[in-house]
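Biologist: Before we rely on any label in this model, I would like each one set against its definition. Could we go through them in turn?

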Amino acid sequence: MEKRELLYEGKAKKLFATDDPGLVIQYFKDDATAFDGTKKATIASKGVINNACSEIFFRLLEGHGVRTHFVERLDEREMLCRRLDIVPVEMIVRNVMAGSLARRLGRPEGDRLAAPIVEYCYKSDALHDPLINRWHVTVLGFATGAEIDTMTAMALRVNEILTPFLAARKLLLVDMKLEFGRFQGDILLGDEICPDTCRFWDADTGRKLDKDRFRHDLGDVAEAYHEVHRRLTSPA
């Protein structure tokens, strides 16, 4: 597999073309940003951990019939993926009151939700990823009604699979951000699944083991990422 030109560089990853037009190489960076890029830092080995965690989750999901862009992990920082036409809608699946949901509704963090909540955000850094609804998605042409139904069902299925897997490792899946894309007429799960894109709390103590440690200056950020990976690779 020949690595070719840089196609895209985001806050946490780079995408490179390959000699196969249907495949890309996803490179995981150590850069960390928060609050729409106004807070920046480097977290040692973050890219290595996120790549490894994403591989674990993608393999788990594929084993349960959820199609993803994952092909194989090439090395510590690079993953070979199917090249998706990304749908510009982020799917937020929430199991526990936290983050922006808690702020919007004036509720304390930590309240368990009676059922998962799925929220849609328009994927736009310039507009700060605003919250949107199904009408925005379909009327503005971000996705068809059938596609948004598929993405929502897939997001809930991902949550259904990951929640008990993580619980067996004493991790509470508070919420997660998922992205999807089109590939040869199908909708596939893309991006990454890791402490950058999910809130993981210790199931016993409630200690945050994710990017919130960086966002809110809680310290021990790299250690928290390593702890998540350690639990994922330990027997349940």
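Biologist: Leaving aside its neighbours within four places in sequence, which residues is Phe28 in contact with?

Modeller: This is a predicted model, in which local features need pLDDT of at least 70 and side-chain atom pairs count only at pLDDT 80 or more, while totals for chains, interfaces and linings use all residues. Residues are numbered from 1 along each chain as its sequence is written, and side-chain values use heavy atoms, with hydrogens and water left out. With contact taken as heavy atoms within 4.5 Å, Phe28 touches Ala12, Lys13, Gly47, Asn50, Asn51, Ser54, Arg77, Met79 and Glu192.

Biologist: Why is Phe28 called buried?

Modeller: Buried means under 20% relative accessible area, exposed over 50% and partly exposed in between, with a 1.4 Å probe and protein chains only. Phe28 has 1% relative accessibility, so it counts as buried. Phe28 belongs to strand S3 (residues 23–28), where strands (E, at least two residues) and helices (H or I, at least four) are DSSP runs numbered from the N terminus.

Biologist: What makes Phe57 and Phe165 an aromatic pair that is edge-to-face?

Modeller: Rings of Phe, Tyr and Trp (its six-membered ring) pair if their centres lie within 6.5 Å, and planes under 30 degrees apart count as stacked, over 60 as edge-to-face and the rest as tilted. Four aromatic pairs are counted by this rule. For Phe57 and Phe165 the centres are 6.3 Å apart and the planes make 75 degrees, hence the edge-to-face label. Because Phe57 lies in helix H1 (residues 46–63) and Phe165 in helix H4 (residues 145–167), the pair ties together parts that are 108 residues apart in sequence. Both Phe57 and Phe165 are buried, and ring pairs link these two and Phe200 into a cluster.

Biologist: Why is the pair of Tyr122 and Phe142 called stacked?

Modeller: The ring centres of Tyr122 and Phe142 are 4.6 Å apart and the planes are at 5 degrees, so the pair is stacked. Tyr122 lies in strand S10 (residues 112–122) and Phe142 in the loop between helix H3 (134–139) and H4, so parts that are 20 residues apart in sequence are tied together.

Biologist: What makes the reach of H4 close to the one expected?

Modeller: The expected span is 1.5 Å times one less than the number of residues in the helix. H4, with 23 residues, reaches 33 Å from its first C-alpha to its last, against 33 Å expected. H1, with 18 residues, likewise reaches 26 Å against 26 Å expected, and 15 of those 18 residues are buried, so H1 is largely enclosed by the rest of the structure.

Biologist: Why do strand S8 and strand S14 stand at the edges?

Modeller: Two strands pair if DSSP finds at least two bridges between them. An open sheet of three strands, paired antiparallel, has the order S8-S13-S14. Strand S8 (85–86) and strand S14 (186–189) each have a single partner strand, so one side of each is left without a neighbour in the sheet. Strand S13 (residues 180–183) pairs with S14 in the antiparallel sense over four bridges, and Arg182 has Ile187 as its bridge partner in S14. H4 packs on this sheet, touching S13 and S14, and its direction makes about 30 degrees with that of S14, where axes are lines fitted to C-alpha atoms, for helices over the stretch in contact, and angles run from 0 to 180 degrees between N-to-C directions.

Biologist: Why is Gln184 called exposed?

Modeller: Gln184 has a relative accessible area of 72%, so it is exposed. Gln184 is in the loop between S13 and S14, and its phi is near 50 degrees, a positive value in a residue other than glycine.
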